[in-house]
Amino acid sequence: MAETLDINANADRQQQYTDLLPQLRGLISGEPNLTANLANLAAALRQSFGFFWVGFYLVDGDELVLGPFQGDIACTRIGFGQGVCGAAWQEATTQWVPDVDAFPGHIACSSQSRSEVVVPVLVDDEVVAVLDIDSDQLDDFTEADVEGLQAIASLCSELFLTPAV
Ligand code: SME
């Protein structure tokens with residue numbers, strides 16, 4: 001069934017995330033497949049806010065591997081502590097980067113990426129993935145984006161919980 005998202009374009013960004021979160025929960029509820037849910041979450045974020053690049057990198061041994069995303073082609077593997085994503089993994093904290101050129105070791109999958117937010121997805125205090133958002137505008141993210149994306153990352157955590165036997 002085709003899904004639609006109801007986001008008020010005239011509302012402030014914080015309200016838009018508040019309105020989006022329950023819709024995302026509805027979008028993934030009842031679907032057990034992780035790939036399908038991450039793909040829809042990435043699509044919903046890009047559809048709602050028009051971000052340049054939205055996607056997930058999943059922990060795969062000692063690397064992050066590219067997961068479902070929306071946007072230009074991207075690097076497939078990132079080492080622990082490497083780039084903005086690897087830093088989010090290593091430090092288990094959100095990386096809010098107003099200017100990617102000022103971030104030591106930033107990995108430029110696209111030369112059009114100018115600012116970035118990467119939020120770790122945690123299960124039992126362990127990073128299992130990161131949610132990576134790129135903008136083609138300098139300093140394009142606000143506190144509202146960081147808080148909203150952190151709430152979405154928390155929603156994602158539930159997707160990684162193994163179903164009770
Ligand atoms: N910029 C990221 C790499 C992933 S691309 O943005 C999709 C980083 O420095 O980790």
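How many residues surround the ligand, and which are the closest? The ligand is surrounded by 13 residues, with V84, C85, I107, C109 and E116 the closest (a residue counts as near if one of its heavy atoms lies within 4 Å of the molecule). The model is predicted, so local features need pLDDT of at least 70 and side-chain atom pairs count only at pLDDT 80 or more, while totals for chains, interfaces and linings use all residues. Residues are numbered from 1 along each chain as its sequence is written, and side-chain values use heavy atoms, with hydrogens and water left out.

Let us turn to the polar contacts. Here a polar contact is a pair of N or O atoms within 3.5 Å; within protein, one must be able to donate a hydrogen and the other to accept it, and residues adjacent in sequence count only if both atoms are side-chain atoms. A backbone N or O atom of I107 lies 2.7 Å from a ligand nitrogen. Of the 310 Å² that the ligand exposes when taken alone, the protein buries 98% (Shrake-Rupley method, 1.4 Å probe; for residues, only the protein chains shown count as cover).

The ligand sits in the largest cavity, meaning that more than half of its atoms lie within 2 Å of the cavity's grid points. On a 1 Å grid over the protein atoms alone, a cavity is a set of points where a 1.4 Å probe fits but cannot get out, whereas a pocket is an open set with protein on both sides within 12 Å along at least five of seven lines; lining residues have an atom within 4 Å of a point. The volume of the largest cavity is about 170 Å³ (the space filled by probe spheres set on points joined across faces, edges and corners). Its lining comprises 18 residues, and I107, C109, E116, D132 and D134 lie nearest the centre.

Two or more residues of the shell around the ligand come from each of β1 (53-60), α3 (83-91) and β6 (126-135) (DSSP runs numbered from the N terminus: helices are H or I with at least four residues, strands E with at least two). The largest share of this shell, three residues, belongs to α3.

The largest pocket, also with a volume of about 170 Å³, is lined by 12 residues, with E31, P32, N37, E158 and L159 nearest its centre.
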